[in-house]
Amino acid sequence: MSESIGLTARHSAPAVHAAAGRPLLELRDLDTDIALRRGTVHALDGISLDVAPGQTLGVVGESGSGKTMTALSIMGLLPSGGRVTGGQILFEGRDLRSLPADEVRRIRGVRMGMVFQDPLTSLNPTIRIGAQVAEPLRVHKRVGRAEARDRAIQILRRVGMPRPERIVDNYPHELSGGMRQRVAIAMALVCSPSLLIADEPTTALDVTTQRQILELIDDLREEFGMAVILVTHDLGVIAGRADRVAVMYAGRVVETAATEQLFHAPRHRYTEALMRALPESAIRDSGGHDRLISIPGLPPDLSGPLTGCRFAARCSYVSDECRTTDPSLIPGTHQHACLHPVPTPAGAVTGPAGAVTGPARARVEPAAEPTRVEPAAKPVTAAPAEVTELPVLSVRNLVKDYPVHGRGLLRRAAGQVSAVADVSFEVRAGETFGLVGESGCGKSTVGRLSVGLERPSAGQIVLDGTDLTDLTGRERRRMHRQVQLMFQDSYAAMNPRMRVDAILAEPLEIQKVGDSSARQARIATLLDQVGLSRRALERYPHEFSGGQLQRIGLARSLALHPRLIVGDEPVSALDVSIQAQVLNLMRDLQRELGLAYIFISHDLSVVDYMADRIGVMYLGKLVEIGPAREVVRAARHPYTQALVDAVPSITPDRVATRDGTTIRGELPSALDPPSGCRFRTRCPRAADICTTEPPLVGGLHQVACHLPLRPEPTGTPTQDQAVG
Amino acid sequence: MSTLSEAVGPAEPNDTPPRGLWRQGLTVFCENRLALVGLGLFVLLAGVCFLGPLVYQTDQVHTDLTAVYRAPGEQGHLLGTDGVGYDQLGRLMLGGQTSIIVGLAAGVLATIVGTLLGAIAGFFGGWVDAAVMRVVDAMMSIPSLFLFMLLAAIVTPSAPMLILIIGAFAWLGPARLVRGEALTLRSREYVQAMRGMGGTGGRAVRRHIIPNAIGTVIVNATFQVADAILYVAYLSFLGLGIPPPAANWGGMLSDGLADTYSGHWWLLYPPGIAIILIVLAFNFIGDGLRDAFEVRLRRR
């Protein structure tokens with residue numbers, strides 16, 4: 001190790017590693033085992049990582065890769081049965097595994113801080129915010145009650161909490177998710193640690209909030225000069241924030257490099273595949289026409305012995321050598337453990353699976369995107385007969401209010417939550433209509449209303465010419481054949497005590513379709529359609545992985561030959577590689593069966609890839625609706641633009657260029673929505689006129705804004721059906 | 001934070017042969033030592049009570065005033081005789097039969113009634129829920145022992161009558177429990193998914209609510225049985241049990257109490273210990289079942 005001081009500046013990436021003096025934290029060949037009922041799982045196998053002071057290390061990987069276990073091993077918070085079995089955890093050169101327990105506790109408590117994913121479960125609901133934030137001080141520094149409170153207020157102010165002197169006396173449930181995560185960060189920072197470990201700190205948050213929190217962590221890192229380990233599954237989050245990135249797979253670090261280097265020229269085939277599996281990449285490469293490049297199969301089971309490269313079974317570049325030799329990280333600034341790495345950009349850039357985008361191209365492309373994409377040129381909707389058909393679903397002036405009961409014996413209605421306010425749209429056969437917005441915007445309610453799970457307060461839902469709200473009894477039951485719901489968490493949407501055959505037979509039984517042999521035949525067809533083997537029939541939901549469950553969920557939705565499937569965040573719980581499989585499957589089935597989808601998601605890049613048209617919702621209102629490419633590339637509503645800007649991207653250069661349109665603050669309460677334009681309280685362009693409600697106007701690309709960002713592009717063919 | 005199952009990586013379901021949920025539950029149950037002890041204890045007690053009389057034959061109909069208060073071992077009476085000359089061991093077996101039959105039947109009856117009413121109340125909510133639960137509240141507010149005594153004083157106690165009386169009051173507990181369970185289960189996504197297919201409330205209760213509450217129900221049922229055995233004992237102890245020559249452990253305990261100071265310990269301890277053992281057995285079994293049902297649902 002050199003003697004130079006370990007101060008590193010961001011964006012001097014290649015120099016960072018060489019100049020880094022003594023790392024703050026160094027993991028050497030760390031092994032962690034977890035003892036379970038069915039055997040011991042080797043969660044981490046020889047992890048070596050280091051973080052210099054002031055540096056951000058991104059640890060990225062899919063679920064089961066061991067990224068969280070790495071963080072927990074460092075903090076000594078392994079779940080029961082978990083144990084570090086080998087290697088060293090060097091903090092400022094001292095091995096935490098050999099220091100006395102008291103000393104380790106002090107180091108972990110004072111010098112390190114950790115932020116967890118779910119800010120609701122990581123805060124104690126019975127303790128006031130102030131006491132909770134100051135707890136580390138009281139425990140480790142023996143600070144008095146009054147001083148602790150002052151320090152808590154101070155630190156809460158530092159993390160951007162409005163009115164901290166009042167917040168300290170609140171309880172966690174009184175705060176929004178983003179605010180709770182700020183509290184959790186304040187808690188981690190109150191002892192001024194030199195290392196902050198953030199484990200998926202923004203996964204549970206909306207994109208605009210995510211952006212605020214990530215920026216906050218960045219600012220605090222600079223202010224406190226601390227090192228940050230950012231653990232996430234989201235390549236985009238890492239791309240914008242980390243100095244160095246370590247990619248993990250199946251308990252190993254498979255590649256580590258400076259961020260720019262890694263994202264412009266990944267070497268390991270897994271990293272490459274992961275990046276190509278993102279919908280973002282498909283849109284960049286082909287405008288979203290092609291199938292996503294998915295990674296087949298599942299990660300290996302870590303409880304058994306593994307030989308060779310752990311990715312070999314899923315790799316398209318695999319050779320016999322890969323199955324027998326266990327590759328180790330090749331030392332250098334860009335380390336990777338791959339026998340057939342992606343060629344360096346200097347050499348050839350083509351591989352068997354198609355061209356790997358060179359760094360130069362990747363950098364210029366985002367700028368070229370808006371002009372390159374022709375909205376009309378999507379093959380999915382290219383079949384003209386389908387487009388001109390009558391809409392499958394037509395929603396007119398939909399309103400849904402939930403009464404809020406006051407306290408007390410009589411529980412009089414104290415007000416109404418306006419979940420959906422005057423929403424109109426149409427979905428045509430074979431079309432995908434994307435519905436995006438942040439949590440609480442009413443997009444899921446629209447989905448539930450569309451499938452008839454709830455009745456609207458006002459408005460019409462016309463399905464195939466009949467108004468759903470008028471139906472009763474038998475007709476209503478038959479209506480459910482036409483439209484089906486697909487859930488985010490298929491495990492929760494399946495009765496854990498029913499076998500898959502019973503789960504798939506249920507819709508047929510309810511609708512009294514066919515006899516039992518006909519049902520069996522239908523179920524077999526369904527399994528084939530979603531690519532599962534017949535053996536799945538005898539199993540229970542808990543025996544399947546997330547992607548497989550989502551296939552079963554899709555099969556169940558298809559059982560009744562519906563014309564429309566409403567997917568409520570259908571891939572949000574899945575890993576990138578599995579997400580690609582499910583999205584491909586959904587597209588294939590759409591083409592095969594002429595299905596229409598309403599695709600509800602908070603993830604704009606997924607909706608961008610899937611949808612033909614997108615509707616953007618904000619606080620119960622549809623603020624913008626139009627062809628997918630246009631809405632994303634040429635947003636007309638300031639809120640849409642803010643959403644687009646907040647989406648983390650794997651093209652790091654894009655992060656630097658976008659600012660200005662960030663929206664701040666919190667979503668107003670739907671109990672008392674702002675008058676006029678509901679977005680005006682957070683809108684950077686708000687003017688006096690915004691106190692009156694803007695109508696949704698335009699031809700194909702409509703917007704509900706008095707001061708749209710750009711006029712509707714001319715030259716787009718006007719279609720009468722599009723104007724509801 | 002990823003959960004443990006995620007960290008472990010998804011299991012490939014094609015590797016292992018399918019194991020039924022019941023099989024998995026059984027494995028867990030068998031890992032609980034106390035549960036096995038409880039099960040063994042119950043089998044032993046039931047075996048002795050129902051099969052014992054075939055081996056150890058005694059006259060439990062006619063009194064024999066020439067052989068009262070024989071100490072254990074005297075004249076072939078292994079546990080001695082009581083104040084009217086019945087063989088104590090034979091009487092224990094006979095009494096055990098009544099206690100076990102009445103306890104099991106009353107427990108099962110209470111569980112079935114309570115589960116159905118609770119599931120319906122919890123799932124449908126509204127006025128159905130209000131009606132059922134107010135009845136439960138009202139009945140719960142009256143001490144059950146008082147009600148038992150009142151009823152037992154009005155009707156002549158017989159085994160079926162005892163089952164009905166105990167069952168009529170013991171369903172309150174399971175009803176509340178299952179209602180609570182149904183309240184959470186009805187908002188589960190699989191119930192919503194079923195509604196999205198056009199399913200009705202009846203199907204939801206039958207196929208989704210009750211099967212998923214069954215773990216709680218069965219665990220509770222074992223405690224219900226234990227409670228019912230105790231109720232039989234209480235009633236008999238208070239002299240409101242089934243009249244002689246029928247016997248049960250509670251009544252025997254009550255009779256034995258009179259002899260506490262005369263040194264006839266064999267009339268007091270055996271029925272008392274038997275009651276403790278059977279109640280304990282059911283509680284152990286209940287604990288084991290609780291584990292078994294909980295683990296079954298965990299993604300492993």
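1. Two residues count as being in contact if their C-beta atoms, placed from the backbone, lie within 7 Å. With that rule, take the contacts in chain A between residues at least 6 apart in sequence: 67% of them join residues at least 24 apart. Please keep in mind throughout that this is a predicted model.

2. Chain A has 25 helices and 24 strands. Of its 724 residues, 52% are buried.

3. The largest nonpolar core holds 275 residues, and the members that touch the most others are A:Val133, A:Leu156, A:Ala186 and A:Val623. Helix H10 of chain B (residues 201-237) gives the most to this core, with 18 residues. In chain A, domain 1 (270-371) and domain 2 (389-405 + 413-677) both give residues to the core, so it lies between them.

4. Which residues does A:Val133 touch, leaving aside those up to four places away in sequence? They are A:Ala152, A:Ile155, A:Leu156, A:Val183, A:Ala186, A:Met187 and A:Val190. Both A:Leu156 and A:Ala186 are also named, with A:Val133, among the members that touch the most others in the core.

5. Helix H2 of chain A (residues 67-75) has eight of its nine residues buried, so it is largely enclosed by the rest of the structure. The buried residues are A:Lys67, A:Thr68, A:Met69, A:Thr70, A:Ala71, A:Leu72, A:Ser73 and A:Ile74. A:Gly76 follows H2(A) and has a positive phi, near 70°.

6. Most residues other than glycine have a negative phi. A:Glu92 is not a glycine, yet its phi is positive, about 50°. A:Glu92 sits in the loop between strand S4 (82-91) and strand S5 (94-95) of chain A. With 14 other C-beta atoms within 10 Å, A:Glu92 is partly exposed.

7. A:Lys512 also has a positive phi without being a glycine, at about 55°. Its loop joins helix H18 (500-510) and helix H19 (516-530) of chain A. Is A:Lys512 buried or exposed? A:Lys512 counts as exposed, having 9 C-beta neighbours inside 10 Å, and the cut-off for that class is 12 or fewer.

8. In chain B, the axes of helix H4 (residues 88-124) and helix H7 (residues 159-170) come within 8 Å and cross at roughly 35°. The crossing of H4(B) past H7(B) is right-handed. On the H4(B) side the contact is made by B:Thr98, B:Ile101, B:Val102, B:Ala105, B:Ala106, B:Leu109, B:Ala110 and B:Val113. H7(B) supplies B:Ala159, B:Leu162, B:Ile163, B:Ile166, B:Gly167 and B:Ala170. By type, the residues of this contact are twelve nonpolar, two polar and no charged.

9. B:Gly250 belongs to helix H11 of chain B (residues 249-258). B:Gly250 has 28 other C-beta atoms within 10 Å; the cut-off is 20 or more, so B:Gly250 is buried. Not counting residues up to four places away in sequence, B:Gly250 touches B:Val232, B:Ala233, B:Tyr234, B:Leu235, B:Ser236, B:Phe237 and B:Gly241. B:Gly239 is eleven residues from B:Gly250 in sequence, and their C-alpha atoms are 9.2 Å apart.

How values were computed:
Residues are numbered from 1 along each chain as its sequence is written. Chains are lettered from A and ligands numbered from 1 in the order in which they are written. This is a predicted model: local features need pLDDT of at least 70, side-chain atom pairs count only at pLDDT 80 or more; totals for chains, interfaces and linings use all residues. A nonpolar core is a set of buried Ala, Val, Leu, Ile, Met, Phe, Trp, Tyr and Cys residues joined through C-beta atoms within 7 Å. Helices (H or I, at least four residues) and strands (E, at least two) are DSSP runs, numbered from the N terminus. Domain bounds come from an automatic or database domain assignment. Axes are lines fitted to C-alpha atoms, for helices over the stretch in contact, and angles run from 0 to 180 degrees between N-to-C directions. A crossing is left-handed if the near helix is turned anticlockwise from the far one by less than a right angle, and right-handed if clockwise. Ala, Val, Leu, Ile, Met, Phe, Trp, Tyr, Cys and Pro count as nonpolar, Asp, Glu, Lys and Arg as charged, and the others, Gly among them, as polar.
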